[in-house]
Amino acid sequence: TRTMGIDVTDVSTAANGAQLPLGFEYTQPADSTNDYGERTWIYIEAAGALAAGEIVMRSDGTTTAKGVVTTGATIPAIRCLGVAQHTIASGSFGFILKRGIGEIAAHDTGADQANDPLVTQALGRADVFADGSEECIIAFSTENAAASAGALMTAMINCPG
């Protein structure tokens with residue numbers, strides 16, 4: 001049910017402007033077609049191009065929901081806004097998944113992600129948590145990624161930023 005005037009997959013360009021206030025959160029009700037439960041989306045401005053599965057962090061020095069792809073390993077979870085579930089061009093506006101079941105890109109080619117917590121890595125991708133980076137956990141994988149870097153895997157995403 002759309003109650004905000006746009007859908008979570010809608011993207012508007014810089015020329016059209018934001019359709020909602022940056023940081024607006026929408027909780028999508030549970031749906032019997034996928035049994036994922038509720039999912040929370042956050043409306044952002046892309047400060048760089050975003051592709052499906054990429055982890056998005058708050059841009060340097062901003063107080064608004066302006067997001068860029070994570071740039072390195074173990075970005076603190078509090079800085080992570082969510083994970084893009086579709087393409088959003090640089091300078092455009094759209095929703096990314098903040099909390100709930102969705103797709104996230106794997107950092108490496110290993111098939112070792114199933115049932116493991118995930119942390120950020122370079123290029124907006126996720127990797128298996130290692131001791132010492134507890135504050136960086138942003139997801140829990142429900143499956144292994146395919147055997148190529150950047151492959152998508154289903155995960156329970158939880159980004160507090």
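In which loop is the place of Ala147? In this predicted model, in which residues are numbered from 1 along each chain as its sequence is written, local features need pLDDT of at least 70, side-chain atom pairs count only at pLDDT 80 or more, and totals for chains, interfaces and linings use all residues. Side-chain values use heavy atoms, with hydrogens and water left out. Ala147 is placed in the loop between β10 (137–141) and β11 (152–158), where strands are DSSP runs of E of at least two residues and helices are runs of H or I of at least four, numbered from the N terminus. Ala147 counts as exposed, at 68% relative accessibility; here exposed means over 50% relative accessible area, buried under 20%, and partly exposed in between, with a 1.4 Å probe and protein chains only. Although Ala147 and Asp108 are 39 residues apart along the chain, their C-alpha atoms are separated by 8.2 Å.

The protein as a whole contains 11 strands and zero helices, so that the order of elements from the N terminus is β-β-β-β-β-β-β-β-β-β-β. For 161 residues, a compact globule would have a radius of gyration near 15 Å, and the 15 Å of the protein agrees with this; the radius is taken over C-alpha atoms, and the globule rule is 2.2 Å times the number of residues to the power 0.38. The C-alpha trace spans about 40 × 40 × 25 Å along its principal axes, and buried residues make up 45% of the 161 residues. Of the contacts (heavy atoms within 4.5 Å) with a separation of 6 or more, 57% are accounted for by residues 24 or more positions apart.

No disulfide, defined as a pair of cysteine sulfur atoms within 2.5 Å, is found in a search of the whole structure. The closest cysteine sulfur to that of Cys80 belongs to Cys159 and is 5.3 Å away, which is too far for a bond. Cys136 is likewise in no disulfide, the nearest cysteine sulfur being that of Cys80, at 8.0 Å. Cys80 is buried, with a relative accessible area of 0%, and Cys136 is also buried, at 0%.

Lys98, in strand β7 (residues 93–105), is buried with a relative accessible area of 6%. Apart from neighbours within four places in sequence, the contacts of Lys98 include Glu25, Thr40, Trp41, Ile42 and Leu81, as well as Ile157, Asn158 and Cys159. Lys98 and Asp127, which are 29 residues apart in sequence, have C-alpha atoms 18 Å apart in space.

Two non-glycine residues with positive phi were examined in the loops. Asn115, in the loop between β7 and β8 (117–120), has a phi near 65 degrees and counts as exposed at 56% relative accessibility. Leu123, in the loop between β8 and β9 (126–128), has a positive phi of about 65 degrees and is exposed at 54% relative accessibility.
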